[in-house]
Amino acid sequence: MSAAARTLPRTRPARAAAAPARDGGLLWPANAALASATLLIAAAGGPPATGPTALAGVAALVLCLVPGNLRPLGRLGRCGPVRQLARRRRALGISAGLWWLAHAAAGLAEHFGVDGLARLAHPAPALGALALVILVALLATSTTAARRRLGRRWKPLQRLVWFAVPLGLAHAVLASLRAGDHVLTPATVGLAGLVVFAAAELWLRRRRGLGVPAHARLVAAGVLTALVLALV
Ligand code: HEM
């Protein structure tokens with residue numbers, strides 16, 4: 001076997017990781033419609049929308065971030081359904097951003113109202129607002145036109161989502177404590193799962209000599225920022 005042939009299997013994961021993102025068809029428009037319907041039903045006197053919109057946002061974020069980062073790590077990351085999800089990461093990211101917008105609107109309407117603006121001066125909404133600013137910036141630069149305009153800066157910018165995850169997690173924990181609710185909800189566990197995933201991924205990559213991924217540093221920076229903001 002030639003040296004080139006011997007190195008072929010090693011290069012496959014790298015090529016798979018570069019698989020282009022598909023537009024995802026009706027995925028994000030369907031999520032936009034669902035998020036709007038959830039807000040309208042809540043506004044018409046139905047069940048509150050803050051919790052369900054947070055849960056849908058976390059689900060979309062997990063599906064957007066995990067499959068693409070599983071691919072260099074082993075066989076599971078290269079199986080069909082995981083690759084299909086990884087190719088739809090852009091539509092899933094847009095869906096997550098839309099759900100977060102709906103969540104912020106619901107959170108403000110249901111928990112603060114026009115007369116409760118003073119209650120916004122608390123680490124919980126401040127952390128949520130900071131995470132939201134980042135996620136909305138990423139949403140606004142998700143279009144093909146923005147991607148072309150930003151060129152090589154586009155990917156590092158989109159990676160900032162990993163910085164927003166610990167901020168969202170700290171916000172969720174503090175908001176639940178403040179509302180007197182359980183902290184261990186599926187949405188909070190999902191965000192915590194993303195931080196744990198980043199740590200496990202870092203450990204696995206280092207064991208395989210794959211180096212430290214940029215997003216691991218962003219998660220660490222996000223955890224530090226969240227701790228500082230939560231304690232001030
Ligand atoms: C200005 C922006 C935001 C506002 C006003 C806001 C408001 C709130 C409020 C009031 C709650 C408490 C709900 C309850 O316990 O009943 C909450 C929970 C939560 N928020 Fe936010 N939020 C914002 C942004 C975000 C962002 C950007 C994220 C994610 C990155 C996020 C993730 C969560 C999660 C996961 C929960 C817990 C929901 C649950 O456990 O059911 N929030 N938010």
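The model is predicted. Its chain has 232 residues, of which 39% count as buried. The secondary structure comes to 11 helices and 0 strands. An iron atom belonging to the ligand is coordinated by His103 and His171.

**Overall fold**

- Along the sequence, the chain reads α-α-α-α-α-α-α-α-α-α-α, in keeping with a count of 11 helices and 0 strands.

**Iron site**

- Histidine 103 sits in helix H5 (residues 89–111) and histidine 171 in helix H9 (residues 161–179), so the pair ties together parts that are 68 residues apart in sequence.
- The arrangement counts as octahedral because the 6 donor atoms around the iron atom subtend angles of 88 to 179°. The cut-offs for six donors are over 155 degrees between opposite donors and between 65 and 115 for all others.
- For six octahedral donors, the ideal angles are 90 or 180 degrees.

- Helix H3 (residues 50–70) has 21 residues and should span 30 Å at 1.5 Å a residue; its end C-alpha atoms are 30 Å apart, which agrees.
- Of the 21 residues of H3, 15 are buried, so the helix is mostly covered.
- Helix H5, which holds histidine 103, has 23 residues. From its first C-alpha to its last, H5 reaches 32 Å, close to the 33 Å expected at 1.5 Å a residue.
- After H5 comes glycine 113, with a positive phi near 65°.

**Nonpolar surface patch**

- Leu130, Val228, Leu229 and Val232 make a nonpolar surface patch of about 340 Å².
- Leucine 130 is in helix H6 (residues 123–140). With 31% relative accessibility, leucine 130 counts as partly exposed, the class that lies between buried, under 20%, and exposed, over 50%.
- Leucine 229 is in helix H11 (residues 214–231). Leucine 229 also counts as partly exposed, at 31% relative accessibility.

**Residue pairs apart in sequence**

- Leucine 130, one of the patch residues, is 34 residues from alanine 164 in sequence. In space, leucine 130 and alanine 164 are 7.9 Å apart, C-alpha to C-alpha.
- Leucine 169 lies in helix H9, the helix that also holds histidine 171. Leucine 169 has a relative accessible area of 18% and is therefore buried.
- Between leucine 169 and alanine 226 there are 8.6 Å in space, C-alpha to C-alpha, for 57 residues of separation in sequence.
- Valine 196 is placed in helix H10 (residues 186–207). Its relative accessibility is 56%, so valine 196 counts as exposed.
- Valine 196 and valine 219 are 10.0 Å apart in space, C-alpha to C-alpha, and 23 residues apart in sequence.

Conventions:
Residues are numbered from 1 along each chain as its sequence is written. This is a predicted model: local features need pLDDT of at least 70, side-chain atom pairs count only at pLDDT 80 or more; totals for chains, interfaces and linings use all residues. Side-chain values use heavy atoms; hydrogens and water are left out. Donors are N, O and S atoms within 2.8 Å of the metal (3.2 Å for Na, K and Ca); water is not among the atoms, so sites may look incomplete. Four donors count as tetrahedral if all angles lie between 85 and 135 degrees; four count as square planar and six as octahedral if opposite donors are over 155 degrees apart and all others between 65 and 115; anything else is irregular. Helices (H or I, at least four residues) and strands (E, at least two) are DSSP runs, numbered from the N terminus. Patches are made of residues with over 30% relative accessible area and no salt bridge: like charges are joined within 9 Å, nonpolar side chains (Val, Leu, Ile, Met, Phe, Trp, Tyr) within 5 Å. Accessible areas come from the Shrake-Rupley method with a 1.4 Å probe; for residues, only the protein chains shown count as cover. A salt bridge is a side-chain nitrogen of Lys or Arg within 4 Å of a carboxyl oxygen of Asp or Glu. Buried means under 20% relative accessible area, exposed over 50%, partly exposed in between (1.4 Å probe, protein chains only). The expected span of a helix is 1.5 Å times one less than its number of residues.
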